[in-house]
Amino acid sequence: METRMAQELGFVTLAAEKITKTELKSLKKSIDAMRNNVDNYDELDKEFHKIIASSGNNHINEGIIEPLMSFFYETYNNNMK
């Protein structure tokens, strides 16, 4: 969990420096969708993180976010059962 949090801080820092108005609008839509759709939260949360990762314009971050988020939710959901 700590590794994921550290990685997210890097994503957020880059995103804050480089995010475009279009990406910011997408981020807001993503947040609104998560607030209104609890049943599909995992997928919506992944999309939220993808927007942040891609807005930093770092291809490595863009490439690792999907596997990282999938691993997180798989582990989280398996431990919650």
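Analyst: The protein exposes about 5800 Å², and carbon and sulfur atoms supply 57% of that; the areas come from the Shrake-Rupley method with a 1.4 Å probe, and for residues only the protein chains shown count as cover. Keep in mind that this is a predicted model: local features need pLDDT of at least 70, side-chain atom pairs count only at pLDDT 80 or more, and totals for chains, interfaces and linings use all residues. Residues are numbered from 1 along each chain as its sequence is written, and side-chain values use heavy atoms, with hydrogens and water left out.

On confidence, the protein averages a pLDDT of 83, with 88% of the residues at 70 or above (pLDDT being the predictor's confidence in each residue, from 0 to 100).

The secondary structure is four helices and zero strands, so the order from the N terminus on is α-α-α-α (helices are DSSP runs of H or I with at least four residues, strands are runs of E with at least two, and both are numbered from the N terminus). Of the 81 residues, 28% count as buried, meaning under 20% relative accessible area, with exposed over 50% and partly exposed in between (1.4 Å probe, protein chains only).

Now your aromatic pairs. Two rings of Phe, Tyr or Trp (its six-membered ring) pair if their centres lie within 6.5 Å; planes under 30 degrees apart count as stacked, over 60 as edge-to-face and the rest as tilted. That rule gives two aromatic pairs. One is F72 with Y73, edge-to-face at 5.0 Å centre to centre and 75 degrees between the planes. The other is F72 with Y76: the centres are 5.9 Å apart and the planes sit at 20 degrees, so this pair is stacked. F72, Y73 and Y76 together form one aromatic cluster.

F72 and Y76 both lie in helix α4 (residues 59-80), four residues apart, or about one turn of the helix. An α-helix has 3.6 residues a turn, so residues three or four places apart point the same way.

F48 is worth a stop. Setting aside neighbours within four places in sequence, F48 is in contact (heavy atoms within 4.5 Å) with L27, S30, I31 and M34. S30 sits in helix α2 and, with a relative accessible area of 8%, is buried. With residues up to four places away in sequence left out, S30 touches L44, E47, F48 and I51. The buried residues in α3 include L44, F48, I51 and I52. Just after α3, N57 takes a positive phi of about 55 degrees.
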